[in-house]
Amino acid sequence: MAYQWRSELHVLHIYINGSSLTFTPPHPAKLSTNQTAKRAAIARTKLLAVSAIPSGNIPTTTTTQPVLTTSRSMQAVCKNRFREEYLKKQNYLCSRPLGRFGNIMFVYASSYGIATYNNRTLIMDTGFLLKDYFNLNVQLVDDFECVIRGTKGLGPRQACAFEESLMHIAKGENVCLGSYLQSYKYFEHVQDSIKKQFTFKKEINDKAMGIINGAINTFHKRNVTVKDTRPVLVGVHVRRGDMVKHKFGFTVATPEYLGNASKYYRDKYPNTLFIVCSNDMTWTKKHLVGDDVFYVEGNTFDVDMAVLVSCDHSLSTVGSFSWWAGFLAGGEVVYYQWPALEQSGLRRHFSADYKDFFPPSWVGM
């Protein structure tokens, strides 16, 4: 378990400091006196203040978040003169992307929510991935790493739980957020703005609507008795792949869950059409079948998500991509309620009841 927490601290260090070359985490093996002293000295210079990890299986969300720094050896003068304003104003909140598409969406949405709540201006690197897919309300900065050097970093103790203290950042200095920030509570006060910002650009939406229309036409050909009736669209995302037997504690939805969740919608809406995206379609086709099922294959991830959010309701499995598909679709969401193995490293990053991650209106199965 020491190794697991060492890895998590390493990730947080890379996220805030942008480098993995100078970080020396605590090591579980026995070291000589000189080795121990040397490693402790290096750790103290890089981690300004990292609170001790609380004991027990599931830390509370009230523990003090780690405070780190973005300082490292860089050129003295930035190419971007915005650096001068950045130092003068001292009311900026910076953030870096972390993980894959769904993870990055959480980082942005939570950073935006925290910045707005604290009356701060959010800045991110001009190469920020999401700007290629959405029209975001964020100030993008060239020479980002140089501009923000020396900025104090803040991050929650748990990646998928809400840290109240981040909503009350002390005034008078710039800060940079770390970790995955995967709780809707960070941005529920600006969720309408987040949903508007996370509207896909026209060319992506056009592709998605072409797929949706094709699915409806196929449904009518299979079910001639309801030819003049628009079906109720349920977007289904089945995440498997790298999460199957993952050592950190990820789980995957079971065949029984897919059966129960699809029955829920079939019983509630007579003309249901399941529109399915998955990174393991072979497995999915064995466990979700019927004339009311349409499989979406061969598209990029952005088109897949645009298809899912265009549906009326959602059947979610696990992962942040699946979470966002449900959140943005805006209808009912049925979700797999056991996303982490008990006693695992991943489980520690959720609140005890998962309520910081799943909105209360969603239906867990």
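The model is predicted, and local features are reported only at pLDDT of at least 70, side-chain atom pairs only at pLDDT 80 or more, while totals for chains, interfaces and linings use all residues. Residues are numbered from 1 along each chain as its sequence is written, and side-chain values use heavy atoms, with hydrogens and water left out.

The protein chain comprises eleven helices and twelve strands, taken as DSSP runs (H or I of at least four residues for helices, E of at least two for strands) and numbered from the N terminus. Of its 365 residues, 52% are buried, meaning under 20% relative accessible area with a 1.4 Å probe, protein chains only. Among contacts (heavy atoms within 4.5 Å) that link residues at least 6 apart in sequence, 71% join residues at least 24 apart.

Next come the cores, each a set of buried Ala, Val, Leu, Ile, Met, Phe, Trp, Tyr and Cys residues joined through side-chain atoms within 4.5 Å. The largest has 72 residues, and Y108, L130, F187, F198, W323 and W324 have the most contacts inside it. Elements that each supply at least two of its residues include β3 (121-125), β8 (272-278), α7 (202-222), α10 (301-309) and α11 (320-329), but α4 gives the most, with nine. Beyond its neighbours within four places in sequence, F187 touches F106, A109, S110, G113, I194, W323, W324 and F327. Another core, of 22 residues, lies apart and has V232, Y257, M281 and W283 among its members.

Six strands make an open, parallel sheet in the order β9-β8-β7-β10-β11-β12, where pairing requires at least two DSSP bridges between two strands. At the edges, β9 (293-295) and β12 (363-364) each pair on one side only. Two bridges connect β11 with the parallel β12, and Y335 faces G364 of β12. For its part, α11 touches β7, β10 (313-316) and β11, and its direction makes about 165 degrees with that of β10. Such angles run from 0 to 180 degrees between N-to-C directions, with axes fitted to C-alpha atoms, for helices over the stretch in contact.

Finally, the axes of α10 and α11 come within 8 Å and cross at roughly 40 degrees. The two helices are therefore oblique to each other, a class left after angles under 35 degrees (roughly parallel), over 145 (roughly antiparallel) and 65 to 115 (roughly perpendicular).

Technical notes: Buried means under 20% relative accessible area, exposed over 50%, partly exposed in between (1.4 Å probe, protein chains only).
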